[in-house]
Amino acid sequence: MATAGKVIKCKAAVAWEPNKPLVIEEIEVAPPRANEVRIKIVATAVCHTDLHHLFENTNEECFPVVLGHEAAGIVESVGPGVTEYQPGDKVIPLFISQCRECHFCKSPKTNQCEKAWVGRNNVLSTPDARLTCKGKKLLQFTGTSTFSEYTVVNQMAVAKIDPAAPLDKVCLLGCGICTGYGAAVNTAKVEPGSTCAVFGLGAVGLAAVMGCKAAGAKRIIAVDINPEKSEKATVFGATDFVNPKDHSKPISQVLSEMTNGGVDFSLECVGNVEVMRSALESCVQGWGVSVIVGWTDKEDFSARPVQLIAGRTWKGSAFGGFKGRDAVPQMVKAYLDKKVMVDEFITHNMTLDKVNDAIELMKHGKCIRTVMTVSPQ
Ligand SMILES: NC(=O)c1ccc[n+]([C@@H]2O[C@H](COP(=O)([O-])OP(=O)(O)OC[C@H]3O[C@@H](n4cnc5c(N)ncnc54)[C@H](O)[C@@H]3O)[C@@H](O)[C@H]2O)c1
Ligand SMILES: [Zn+2]
Ligand SMILES: [Zn+2]
């Protein structure tokens with residue numbers, strides 16, 4: 001390719017500081033170094049974790065940053081030592097790497113990877129940045145930075161997908177859908193005939209509903225304070241919808257009464273410590289399993305120890321427990337084989353220039369996923 005080995009100048013949405021709109025800038029993207037892959041991003045979506053970083057992380061050290069981590073693109077060039085990926089390959093960047101060598105990667109028990117990008121507060125900060133703008137180094141959010149026409153990612157964090165996959169759809173498998181679906185299937189290990197509750201019906205929660213259904217749950221109670229989410233939940237398999245605002249009793253009590261003592265599995269897909277507690281308390285004693293999927297690192301959670309002593313299990317899940325390089329291509333295949341839904345999550349389409357509109361839509365609960373076209377395919 002004509003651009004291989006050269007710095008690429010391209011458009012990206014830069015978050016210069018917390019709580020401010022992103023600015024479309026011309027940035028420089030360095031050529032990939034050893035074990036790195038430079039990707040032309042074709043489509044990217046906004047996930048609530050991007051909003052979390054922009055609005056709730058006031059640490060100035062985490063800016064300027066290029067946000068975005070749910071995307072799909074095409075390999076533009078590769079650095080020395082990269083043999084698995086070639087220019088032209090369709091890929092999905094991963095915010096949790098899979099080096100295939102560390103003790104986590106070698107264990108079937110987890111999708112954590114020791115060699116993941118290193119950094120604090122969800123940002124990759126290398127001494128010499130791959131992305132720069134106006135002479136300033138740009139941090140890479142979760143090691144990916146997909147709100148950019150081009151980005152550079154370590155090969156451990158790249159999943160090669162079926163060339164037949166439509167990138168403007170399967171980009172959602174880079175985070176939200178795999179996260180929710182896997183939390184139900186891999187982490188909660190939802191059982192056939194069980195009763196489940198899913199708190200929070202964004203893409204993550206709706207994908208959890210879809211996962212509960214795929215695992216054979218007979219009753220799936222969808223919980224959200226936004227009544228507009230009810231209809232969508234049904235599309236993915238919810239059998240009931242409960243709005244905590246419609247009840248004066250605690251939501252855990254409402255669910256307990258609906259289910260004769262509590263649900264078998266609950267999934268928190270909001271990122272609110274009070275909701276995490278409610279989700280745990282909504283589980284039946286004896287064997288109830290509650291999974292935390294929502295993201296927050298601002299507050300501690302609390303619960304009465306007796307909740308766990310009585311036989312409940314409290315777990316957390318990152319990226320649905322999926323080992324990305326292996327599982328994301330399989331999820332893309334499952335979508336192409338019509339075994340998982342993806343299109344149904346997309347409520348809005350726009351171009352990267354409109355990224356602030358996409359952020360506002362999510363902030364106000366007006367979208368499930370907004371897919372932004374970044375570069376032509
Ligand atoms: N663990 C992971 O790997 C991972 C990956 C992706 C996203 N996340 C996190 O998952 C969460 C959901 O992400 P999303 O993109 O689907 O977000 P979203 O904003 O689209 O959806 C959140 C939903 O929660 C609902 N909600 C808010 N307060 C509630 C309450 N008190 N009770 C019930 N529902 C409530 C909102 O109305 C909304 O429908 C976020 O915290 C995000 O950071 C975690
Ligand atoms: Zn995400
Ligand atoms: Zn590893």
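Which backbone atom lies 2.9 Å from an oxygen atom of ligand 1? An N or O atom in the backbone of Trp295 does. The views below come from a predicted model.

**View 1**
Trp295 places a backbone N or O atom 2.9 Å from an oxygen atom of ligand 1. Val204 also uses its backbone: an N or O atom there lies 3.1 Å from a ligand oxygen. Thr49 uses its side chain instead, with an N or O atom 2.8 Å from an oxygen of ligand 1. How much of ligand 1 does the protein bury? Taken alone, the ligand exposes 860 Å², and the protein buries 88% of that.

**View 1. The shell around ligand 1.**
Ligand 1 is surrounded by 27 residues. The closest are His48, Thr49, Asp224, Val293 and Phe319. Sorted by class, the shell holds 15 nonpolar, nine polar and three charged residues. Which elements give two or more residues to this shell? They are α1 (48-56) and α5 (203-214).

**View 2. Ligand 1 and the two domains.**
Why does ligand 1 lie between domain 1 and domain 2? Both domains give residues to the shell around the ligand, so it lies between them. Domain 1 covers 8-174 + 342-373. Domain 2 covers 180-317.

Which residues donate to the zinc ion, ligand 2? The protein donors are Cys47 through SG, His69 through NE2 and Cys175 through SG. Along the sequence, their spacing reads C-x21-H-x105-C. His69 and Cys175 link distant parts of the chain, 106 residues apart. His69 sits in the loop between β4 (65-66) and β5 (70-78). Cys175 sits in the loop between α3 (167-170) and α4 (176-188).

Is His69 buried or exposed? His69 has a relative accessible area of 1%, so it is buried; the cut-off for buried is under 20%. Cys175 is buried too, because its relative accessible area is 4%. The side chain of His69 also makes a polar contact with the side chain of Asp50, at 3.0 Å.

Follow the backbone from Phe63 to Pro64. The peptide bond joining these two residues is cis. Its omega is near -5°. Pro64 belongs to the loop between α1 and β4.

Thr142 is not a glycine, yet its phi is positive, near 45°. Where is Thr142 found? Its place is the loop between β9 (136-141) and β10 (150-154). Thr142 counts as buried because its relative accessibility is 4%.

**View 3. Asn260, an exposed residue with positive phi.**
Asn260 is another residue that is not a glycine but has a positive phi, here about 60°. Asn260 lies in the loop between α7 (251-258) and β15 (265-268). Is Asn260 buried or exposed? Its relative accessibility is 75%, so Asn260 counts as exposed; the cut-off for exposed is over 50%.

Notes:
Residues numbered from 1 in each chain as written. Chains lettered and ligands numbered in written order. Predicted model: local features only at pLDDT ≥ 70, side-chain atom pairs only at ≥ 80, totals over all residues. Heavy atoms only, no water. Near = heavy atom within 4 Å. Polar contact = N/O pair within 3.5 Å; in protein donor to acceptor, adjacent residues only side chain to side chain. Areas by Shrake-Rupley, 256 points an atom, 1.4 Å probe, with all protein chains shown as cover. Helix = DSSP H or I, 4+ residues; strand = E, 2+ residues; numbered from the N terminus. Nonpolar A, V, L, I, M, F, W, Y, C, P; charged D, E, K, R; others polar. Domains from an automatic or database assignment. Donors = N, O, S within 2.8 Å, 3.2 Å for Na, K, Ca; no water. Buried < 20%, exposed > 50% of the residue type's maximum accessible area, 1.4 Å probe, protein only.
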